[in-house]
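Thanks for coming, everyone. Please have a look at it first.

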Amino acid sequence: MASVALRSACKQALWGQGRNCGGFRIPWTGLEETESGKERRKVHYLCSFKRLLREFWQVAAGMSQSGEKGKFPEAAGYVGFANLPNQVHRKSVKKGFEFTLMVVGESGLGKSTLINSLFLTDLYPERYIPGAAEKIERTVQIEASTVEIEERGVKLRLTVVDTPGYGDAINSQDCFKTIIQYIDNQFERYLHDESGLNRRHIIDNRVHCCFYFISPFGHGLKPLDVEFMKAIHSKVNIVPVIAKADTLTLRERDRLKRRILDEINEHGIRIYQLPDADSDEDEEFKEQTRVLKASIPFAVIGSNQLIEVKGKKIRGRLYPWGVVEVENPEHNDFLKLRTMLVTHMQDLQEVTQDLHYENFRSERLKRAGRTVEDEVLDKDQILLEKEAELRRMQQMIAHMQAQMRMKPGDD
């Protein structure tokens, strides 16, 4: 608005009502056109021009003091690169974000319900739940569901990878090979797209985080849990989750958490570690990071039902002895899990890119280098064999020629 007013005032000062002289509208003062008035007109025009310029700079100075100074900062000590974060922010919001979440765990632990509660959406509207007889012969499958979520102008392309059939069979020795193959295939696909000619629109389907659901009915980790997490901890960020925490008392929940962490350290399993808060962060964020670290593994409850409690509708589960609220931090760690996922989503992507994907990429390049090296060695070996055979044939020919020369002399 200030720039519009500036332009209007300048137009009024410079192009007022009057006669045209050299591109400027000079106010008419009533001078008569006489033969001897040319010199007087020139002097008058010059005086008027100086006066209008003085008015112009006065108006410009006034506008600058009334708000234009904040919009156009002084040149001294200001370059303009402080605006770069705003440019990155606008570009990121316009492009949108991508995130892939994998959920792994036995059937009946509430994986689908928890995901729907986390993102307030229904990812499985027409899902078929097999019976007990079908689960016996069922193998592990990979089901990827993608949904576009928009919140306050920020778009998120969320892909949730479910693994129905995991741990349902009697012999679950090789049940996680399908999951490992899927993770490697996404790495291979991204490496292929990254090495191609057109790299502008690469869709990132790499698994950035894996929620591993642990049964609350055991006394810690099962052998299948240990083997699976040891097999994938170098490929994906693992976040252990204790399912159906409403089946445990607070004392049982704390005891189970300590037991799981002890077994994870005992078997050398590397789970996702939250980054430490920087020293320049505020105290609230530091305290939040400390609480999140102390809550691992997260004991959660999921529910898609809205229950009215004290005049308010909340997500929870209604039991004869009371109500369990999903978003109550005193009842479970649902809010902490969601806070961890939202506030550290960028860090999960960076760890996937800088650690897991780079490990896969370097190993892949080493294998390709070894293959080329083996081919070179094979070619050298073939050449050496050919040269040896050629020398042997040359010796045989020389020997035969010598024998043929000796025969006439003998006769």
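Predicted model: local features only at pLDDT ≥ 70, side-chain atom pairs only at ≥ 80, totals over all residues.

I'll go through the sheets, then the aromatic rings, then a few helices and contacts.

Let's start with the six-stranded sheet. It is an open sheet, and its strands come in the order β4-β5-β3-β6-β7-β8. The pairing is mixed. Which strands stand at the edges? They are β4 and β8, and each of them pairs on one side only.

Now look at the β4 end. Strand β4 covers residues 143–151, and strand β5 covers residues 154–162. The two run antiparallel, joined by 9 bridges.

Strand β3, residues 97–104, pairs with β6. This time the sense is parallel, over 4 bridges. Here valine 103 stands opposite phenylalanine 211 in β6.

Is phenylalanine 298 buried or exposed? Its relative accessibility is 0%, so it counts as buried. Lysine 257 is 41 residues away from phenylalanine 298 along the chain. Their C-alpha atoms are separated by 8.3 Å.

A quick reminder before the next sheet. Strands in a sheet pair through backbone hydrogen bonds, parallel or antiparallel.

The next sheet has 3 strands. It is open too, ordered β9-β10-β11, and the pairing is antiparallel. From one strand to the next, the twist averages 70 degrees.

Zoom in on β10, residues 312–319. Strand β10 pairs with β11 in the antiparallel sense, over 4 bridges. A hairpin of 2 residues joins β10 to β11. You can check two of the partners on screen. Leucine 318 has valine 323 in β11 as its bridge partner. Glycine 316 has glutamate 325 in β11.

On to the rings. How many aromatic pairs does the structure hold? There are 8. Let me show you one. The ring centres of tyrosine 212 and phenylalanine 228 are 5.3 Å apart. Their planes meet at 25 degrees, under the 30-degree cut-off, so the pair is stacked. Tyrosine 212 lies in strand β6, residues 209–214, and phenylalanine 228 in helix α7, residues 223–232. So this pair ties together parts that are 16 residues apart in sequence.

What about accessibility for these two? Tyrosine 212 is at 1% relative accessibility, so it counts as buried. Phenylalanine 228 has a relative accessible area of 0%, so phenylalanine 228 is buried as well. Both belong to one aromatic cluster, formed by Tyr166, Phe176, Tyr212 and Phe228.

Next, a charge and two rings. Find arginine 206. Its charged end sits over the ring of tyrosine 190, 3.8 Å from the centre. The charged end of arginine 206 also sits over the ring of tyrosine 357, 4.9 Å from that centre.

Now the helices. Helix α9 is residues 283–294, and helix α10 is residues 334–343. Their axes come within 10 Å and cross at roughly 120 degrees. That angle makes α9 oblique to α10. The crossing is left-handed.

Last stop: helix α11, residues 345–410. Leucine 355 is found in this helix. Its relative accessibility is 42%, so leucine 355 counts as partly exposed. Now find valine 236, which is 119 residues away from leucine 355 in sequence. In space the two are 9.3 Å apart, C-alpha to C-alpha.

If you keep a few places in mind, take these. There is the six-stranded open sheet with mixed pairing. There is the antiparallel sheet of 3 strands. And there is the stacked pair of tyrosine 212 and phenylalanine 228. Happy to take questions.

Definitions and conventions. Residues numbered from 1 in each chain as written. Heavy atoms only, no water. Pairing = 2+ DSSP bridges. Axes fitted to C-alpha atoms, helices over the stretch in contact; angles between N-to-C directions. Phe/Tyr/Trp six-rings, centres within 6.5 Å; stacked < 30°, edge-to-face > 60°. Buried < 20%, exposed > 50% of the residue type's maximum accessible area, 1.4 Å probe, protein only. Lys NZ or Arg CZ within 6 Å of the ring centre and 35° of its normal. Parallel < 35°, antiparallel > 145°, perpendicular 65-115°, else oblique. Left-handed = near helix turned anticlockwise from the far one by under 90°.
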